[in-house]
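Here's a quick briefing to read with the model open beside you. Take the topics one by one and follow along in the viewer.

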Amino acid sequence: MTETADPIPVASFNQDELETPPLTLGQLTWRRFRRHKMAMFGAVVLILLFLYSFGGALVLSEKYANFADTPLRLSSPSLEHPFGTDTIGRDVLARTIYGGQISLIIGLTAVLIENIIGISIGALAGYYGGKVDALLMRFTEAMLNIPEIFLLIVMAKYFGGKIPEINMLGREFSGSVVVIVVIIGLTSWMYLARIVRAEFLSLKENEFVLAARATGTSNFEIIFRHILPNSIAPIMVAATLGVANAILAEAYISFLGLGVQPPTATWGNMLDGANNYLESAPWLWFFPGLLILLTVLSINFLGDGLRDALDPRSRAA
Amino acid sequence: MYHKGNLYRVFCVLIILGMIISACAQAATEVDVVPEKATAAPTAPPEKKVATLIYTQEFDSLAPLYTSMWFSWTTWQMNNHWAWEFDEKNEPFPRLVTEIPSVENGGISEDGTTITMKLRDDIKWSDNTPLTADDFIFTWEMAVSPANLVATTYPYDMIESVTAPDPQTVVVKFYEPFAPWLANLWHGILPAHILRPIFEAEGTIDNAEWLRSPTVGCGPYNFVEWESGSYARYVRNENYWGTPAKIDEIFIRFVPDDASQVAALKAGDADLGTFIAYSDVPGLKEAGLNIVVEPNGYSEWMFFLVNEEIGHPALLDVRVRKAVAMAIDREGIVRDLLGGIPKVPASFWDALPFYNDPPLTNYPYDPEGAKDLLDEAGWIDADGDGVRDKDGVALELEHATTIREIRQDAQAVMQQQLGEVGIKLNVNPVDDTLYFASYADNGPAARGEYDIQEWSDGPLFPDPDIYYWLCSEIPSDEYPTGENWFYICDEELDALIQLQSTQVNVTERKETFTKINQLFYDQVYIIGLWQDPDVYAVGSHLVNAKFSGVTMFFNIAEWDLVP
Amino acid sequence: MGRYILKRLLQGIPLLFFISLILFVLMMNTGDPVATMGGRRVTRSGDYERLRRQLGLDKPIYLQYIYWLVGNDWTKTDVDGDGIVETPGTRRGVLRGDFGISLLNRKPVLEVIGERLPNTLILMVASEVVIIVGALLVGIYSALRQYSLLDNIITALLFIFYSMPIFFIALISMYIFAVLFKRWGLPYLPTVGMFDPQVGETTAQILWHLVLPVLSISLISFAAYSRYIRSTMLEVMSQDYIRTARAKGLPKREVIFIHALKNASLPIVTVVGLDLPLLLGGAVVTERIFAWPGMGRLFLDHIDRADLPVIMGILMLVAVAVVVFQIITDIVYAWLDPRIRYEK
């Protein structure tokens, strides 16, 4: 301890030896999160699922996943086909791997779109208030008033079949993936917009905002650099749960026949294809169903844990 | 402690309540289940015989002329009749007429434009009004009246006049000799005595009560009620002019989901299932149901778009089209994906052996032969990417069909097999209201965006008439409703098609069709994938049920239920 | 209060217009209703032109929207296709209560919807009741016995149900309780429909047929609601006034059910209030699987055939219900919580 004879003591203490450095929000959250067993479990499972879908692609090629060995159709799980084969003889294991890629990508990108739209609208409405707020909120309410599934169906028909195949990440998949991502994004941003708006409404009266304005910071900077980071908590929770919702929405819309079209596989359309074989070929629905369940479950756990970790008032921590 | 006890109490009360309710409901159904079983046993105390049919789509209308839905058409063998109907071999037999008009009995005039029908004198509506030639005239008038929202005016708009020299004779005069009259006329009769006053009062019969609730009919059953979304009910017509029906009541339940229909059939909740998918056949057979397959003229076809201006240049060459036919293992698809139940149709008139004579055979599955043909046609893989090309154009074809599992499965297999011979098939599954949208609505098929179109179709069964390939039917801005979505203008084919529709003489018509058949084979304008017959699942209690591909339930009065 | 209600209602009107516009435009491009009128074949060209003209589909979009909104009896249409516009129209438009006729079966739209609406209400209200009662029981128990073994098991189970797609649960439960139970000779549930047509539409029948669909719908929502109740109960139980009540020696039951629950139930009211109109959407997928004749199935059937008037009718009905329920919820909330007042 280096103590000088300087008459002003505070500045010369070696802070490290007196107290621990203050934790950042991230570190604090992580600590609280770690204690939530289910959330940790969820996080681990999610990581495994991602490894399965994206890592599995390194083991089994896409050509193999699409290879239809018709004489072997609907064979039950065996050594050669651990998850069995589907109605035209494709290996279910491989299809769940590649289908998982699409389902997970759909989940993530739909949430991305949802976030961009929701945050923008919510921030603008909350920050500017007045007429802008009224107009944007009316629009949000208008969209909210239409039940999601109706919107999904109508939009799926509207955009259906209009987008050609795309080539990305070394894979070629049907344009309907883009359609699904867009329509899920377009139908679920409303809740986020409301939450963000509420945050902005309460935060914009704070002193740090006044200070920023006083120093001449542009509105854009205030919104995105100052207020937004402070409202990250509800956004993160909503985004996490949004992924689960997107994956489920994809399953629903595929069940109604309007989702991603085969031969591109997704967990959702694999379930749809298994509809008529509930009894005779349970492996067709069991594996994709289990994977959807695990994914959505772990995301829900994760979201639950995040919510508890980020919200200081909750008793769970 | 205290509240925990309370919580348990609440739980107990709820559970008891639940048990009481379910017991009541169970009792209710048990009491009702007994008569249900009894209705199946004719020997039990006076219980009704009720047959339950499952329809996977609900009818849109029950009135003749107003709907083209298969499900609606079935009801016209219940509470209405065609002038002549067709049996399980799809041969015609007279129903409301005494005999089928022909040249020999003077029913068809020499020049082929006039058909004279002699009606039976004992036919009457269920309210005892006799059914006479006036009802036929009225039906024709309603079909062609522009004030009525009928589904189709064909072929009534080709008729110049319908007259009745006496109440039992109907004289139909066409503008031109019309060969397909037997299959297309008089699909159900409208009761003039009920509807004509309405037409005269309102100018249209669109809003007539009878259209939605046709309680007066001339068939073996009477319509009773139609509860939207749930069921429709028909009871035996005690006033029927023919042999009375054996079964007392027919219930039709609407179950939209295929899996639910199969579950209901297996559980014994119904006596007849419709449009059964081939994949469900083994399971249903195991559960004790009989599967009946009835040809109806429909088959699944791939149609080529062959046109210099808007089509793919490869398809202009008949060798390429032949190669496509030889590269797909159609027998294999039928065997593996369709349970081997239907056959691969070689001719568009597969279900009409009279016109498919001598019968065509299929191009064999011969991928090597296909490769040779493609090489010969000049399509070789110059750039080594696995897809053949010529003059810088890749042999990449757009294939489109509607969204149905079997089609998607077949498409995937075809894509793979064509890929093996170097043809790249891009699959486009499209929702059916979008797929079949017209040229005016920018329907992609109508606009010629697909090189290969696929859907289930056939001639105007049981008549061999066709019209898709007429040059005059090519859609354009001037004629946006044109139906030649293949943009094929083959002059020889066009002349033959036009000729056959005027040939009332059956022998001459047959010769024309032999030529048309051969032309389709040589030019490979179409490739047959599988036959698409009606597939019924008949419960073990329902006997005597026969089905026709045209007038589906033609012998419904003879159906019976045994325990 | 009266003025507040009026103000909200008035605000709702432009909202509804806006919604109707968005939906109408979307619907216009979802397919061609005339294309499927040919049954198994493509509609013949002569019929195609005639039907489009008779159904008014050959008019431009904006004109179709205007006719939908205010009818066409103030103008003339060309019914017989001779090019001469001479027959006055017969539609009065939505604003005068005429939602038009279905393109599918030519019945008035309101009649078509009215036939199915009660069935959906039965299904949805029953589900909501089961969900609320069940969630209350489970949520309260969970809050009081936090982290006990039973609590954890229940929570885990509920989470699993919450994470399954509803059609999964529906199909599996149908297979187990209807098909397999019957095969094994156990008392079984019916597979499809709202009642057995042979027996008729009795209350007992409906209750019996309600079991599986309600089970499928409720299992999913249980988790959400019960977690919500659990967390609000927890929050409330930690409040000072509860401690005071306990300290005063009030019986536990009174503390929980009267003091705690009443305060915890406020957010629940909001959630329920907002959920109810969405239920009108009728659990689209469940109705399809169980062949329940409700509005969800109506929606699916008619959108498959691009039946614009009926679809618009359903969507507008739902939108109106949502707006009305939002207002009702706000009022109930204000009435329950004296601290809230809607000034302005």
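Where chain C meets chain B, the contact draws on 62 residues from chain C and 63 residues from chain B. Bear in mind that this is a predicted model.

**Chain C against chain B**
- On the side of chain C that touches chain B, at least two residues each come from α2 (45–54), α4, α6 (166–183), α7, α9 (252–279), α10 (284–289) and α11 (295–304) of chain C.
- Sorted by class, that side of chain C has 29 nonpolar, 14 polar and 19 charged residues.

**A helix pair in chain C**
- Helix α4 (residues 109–144) and helix α7 (residues 203–237) of chain C have axes that come within 5 Å, crossing at roughly 40°.
- As for handedness, α4(C) and α7(C) make a right-handed crossing.
- Their contact is built from 21 nonpolar, seven polar and one charged residues.

**A helix pair in chain A**
- In chain A, helix α11 (residues 232–255) packs with helix α13 (residues 283–310) at an angle of about 165°, and their axes are 9 Å apart.
- Because of that angle, α11(A) and α13(A) count as roughly antiparallel, the cut-off being over 145 degrees.
- The crossing of α11(A) past α13(A) is left-handed.
- From α11(A), the residues making the contact include A:A233, A:M236, A:L241, A:I247 and A:L248; from α13(A), they include A:I292, A:V296, A:I299, A:L306 and A:R307.
- Taken by class, the contact of α11(A) with α13(A) has 15 nonpolar residues, four polar and one charged.

**A sheet in chain B**
- Five strands of chain B form an open sheet with mixed pairing, in the order β16-β15-β17-β12-β18.
- From one strand to the next, the twist averages 25°.
- Strand β15 (residues 396–402) of chain B runs parallel to β16(B) in their pairing, which spans seven bridges.
- Across that pair, B:A400 sits opposite B:N428 of β16(B).
- Helix α12 (residues 405–420) of chain B packs on the sheet and touches β15, β16 and β18 of chain B. The direction of α12 makes about 170° with that of β16(B).

Definitions and conventions. Residues are numbered from 1 along each chain as its sequence is written. Chains are lettered from A and ligands numbered from 1 in the order in which they are written. This is a predicted model: local features need pLDDT of at least 70, side-chain atom pairs count only at pLDDT 80 or more; totals for chains, interfaces and linings use all residues. Axes are lines fitted to C-alpha atoms, for helices over the stretch in contact, and angles run from 0 to 180 degrees between N-to-C directions. Helices (H or I, at least four residues) and strands (E, at least two) are DSSP runs, numbered from the N terminus. Angles under 35 degrees count as roughly parallel, over 145 as roughly antiparallel, 65 to 115 as roughly perpendicular and the rest as oblique. A crossing is left-handed if the near helix is turned anticlockwise from the far one by less than a right angle, and right-handed if clockwise. Two residues are in contact if their C-beta atoms, placed from the backbone, lie within 7 Å. Ala, Val, Leu, Ile, Met, Phe, Trp, Tyr, Cys and Pro count as nonpolar, Asp, Glu, Lys and Arg as charged, and the others, Gly among them, as polar. Two strands pair if DSSP finds at least two bridges between them.
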